[in-house]
Amino acid sequence: MDFLLKSSRLIVKSRTITRRVAVPIPSEMSSAANLGSSRHSHTLFIITVYIRKIFFKNPTLMGSFNSAPKINNVDSQDDGLDIPKGLTTSELLQHVKHLRGLNQPPLLSRYFLKPVSSIISSDLTDGLRCLKLNSVSRVCSAPISDPNHIRLLQWNLLSQTLGQNNDGFVRCPVEALTWENRKYLIVQEILQHNPDILCLQEVDHFKFLQTILGTQNYEGIFFPKPDSPCLYIEENNGPDGCAIFFKRDKFELRNFDTRILEVWRVQSNQVAIAVNLIVKQTGRELCVCTTHLKARHGSLLSKLRNEQGRDLIRFVKQFAGDRAVILCGDFNAEPTEPVYSTILNCEFMKLASAYAEMRAESDECNNESTKDKQALINGCDKVQKSIQNEPPYTTWKIREDGEECHTIDYVFYTKDHLKVKNCLEFPQGDEIGLNRTPSFQYPSDHFSLICDFEVLDSSNESSSQQSQPQQQQPQEKNKTQ
């Protein structure tokens with residue numbers, strides 16, 4: 001009985017599941033109609049309770065269906081951060097390396113999949129100018145200043161509160177999980193690649209990122225989870241959520257919108273952010289969206305993620321209109337899960353996976369695929385081809401229940417508007433180390449995904465984009481930033 005009472009309170013707080021419409025009912029049908037309505041409402045109630053119990057599965061952490069109190073701390077742990085003004089990217093990188101400690105192990109070196117002949121900007125530090133060389137890439141890939149080229153970084157940062165108190169990284173040294181060690185590695189991983197756009201998940205130190213990235217001309221938007229698990233852990237730094245940053249000198253923010261993703265018309269605890277950006281030099285527009293879908297294994301959770309993916313696509317399509325779209329995030333789903341197919345099979349979006357497309361092109365150019373493998377891929381549909389070419393992992397960690405090494409992070413894009421030119425590859429097992437991630441050399445259990453895109457000439461762009469209504473009012477924008 002207590003369970004049902006507490007569940008009913010949650011249902012009252014959640015958004016309305018059905019709309020009631022006044023329709024005249026003949027008197028002889030009223031009793032039957034009332035009985036059917038009662039049964040229908042009861043069924044919806046039970047389904048809603050069940051779904052929410054799944055979303056908030058661990059009551060000791062989430063505070064759902066029990067009396068565990070929330071600890072409503074705010075983002076204040078970095079209030080004492082003091083960054084000298086006027087630092088170039090090179091100077092800032094040197095500064096954060098010094099703050100972390102010059103005797104600390106260096107950040108993992110990585111390389112781009114496709115070699116380029118451009119020379120790295122002298123604005124980067126000597127220690128970060130040249131990434132580790134190997135047989136795939138003999139030169140580093142520098143960001144391109146052409147306004148039609150866009151470099152995007154997608155990354156689950158690992159919530160500090162959850163990573164240090166809840167996630168059970170049994171092989172990671174305790175000192176490596178401290179915010180004092182991790183925060184400067186995060187800055188190095190981001191700024192050494194100089195991305196134009198950042199899409200981030202598990203952000204629970206937004207103020208830190210806003211302050212330090214703001215010195216390099218980035219503007220950011222943050223949207224927290226409605227019931228973040230961080231808020232049930234002592235000494236949290238506020239809720240975790242998703243964030244998007246973009247360079248103010250390259251883009252103008254037309255508008256943005258946020259979404260609490262729904263499953264069967266019930267709000268979940270997962271969110272999405274979408275921004276419409278204008279390239280200042282060309283006037284072209286694109287929509288960028290990021291999300292973080294429900295975690296945990298199991299066939300039912302897989303179905304829930306698929307429903308979140310459907311809701312996500314509807315949200316993005318309505319917001320983006322006919323613009324180019326980049327949709328990325330931590331989907332917590334391997335390529336074989338339904339949500340992957342749902343996204344790629346969406347006919348009105350025509351999305352492709354950037355890493356799968358780039359790796360397929362690289363294999364073809366380098367003749368790395370055997371004839372048998374190529375014949376197998378050619379005989380598959382587009383989803384199967386994409387699955388075959390996804391990287392083997394985007395996260396590699398060891399927890400209390402074992403080792404996890406799989407692909408669950410993606411960057412999707414509209415092929416009609418964009419062309420993927422390059423992708424940052426992932427370090428090999430011997431480079432990562434036996435204890436995997438996170439570690440003293442990498443601050444998250446997810447690797448960053450970095451993609452270079454070229455904006456294509458397209459006749460599909462119309463002046464109707466200019467007249468699309470605003471999704472958020474300016475005063476609401478200021479609240480989230």
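Start with the largest nonpolar core, which has 74 residues. A nonpolar core here is a set of buried Ala, Val, Leu, Ile, Met, Phe, Trp, Tyr and Cys residues joined through side-chain atoms within 4.5 Å. Buried means under 20% relative accessible area, exposed over 50%, and partly exposed in between, with a 1.4 Å probe and protein chains only. Select I197, L286 and F453, the residues with the most contacts inside this core. Next select helix α7, residues 179-191, which gives the most to this core, with seven residues. Helices (H or I, at least four residues) and strands (E, at least two) are DSSP runs, numbered from the N terminus.

Before going on, note that this is a predicted model, in which local features need pLDDT of at least 70, side-chain atom pairs count only at pLDDT 80 or more, and totals for chains, interfaces and linings use all residues. Residues are numbered from 1 along each chain as its sequence is written, and side-chain values use heavy atoms, with hydrogens and water left out.

Now centre on L286. Leaving aside residues up to four places away in sequence, L286 touches I150, I197, F251, V275, N276, L277, V279, R323, A324 and I326; contact means heavy atoms within 4.5 Å.

Move to helix α8, residues 206-214. Which residues of this helix are buried? They are F206, F208, L209, I212 and L213. They lie on the same side of α8 because they cover an arc of only 155° around the axis, the arc being that of the directions from the helix axis to the C-beta atoms.

Select Q154 in strand β1, residues 149-156. Q154 is buried, with a relative accessible area of 0%. Its side chain reaches the backbone nitrogen of G329 at 3.3 Å. Among the other residues that Q154 touches are C199, T290, D409 and F447.

Finish with the loops. Between α14 (429-432) and β14 (449-455), find P438; the peptide bond from T437 to P438 is cis, with omega near -5°. R436 is in the loop between α14 and β14 and has a positive phi of about 60° although it is not a glycine. Is R436 buried or exposed? R436 is buried, with a relative accessible area of 13%.

The last stop is N194, in the loop between α7 and β2 (197-203). Phi of N194 is near 50°, a positive value in a residue other than glycine. N194 is partly exposed, with a relative accessible area of 23%.

Definitions and conventions:
A polar contact is a pair of N or O atoms within 3.5 Å; within protein, one must be able to donate a hydrogen and the other to accept it, and residues adjacent in sequence count only if both atoms are side-chain atoms.
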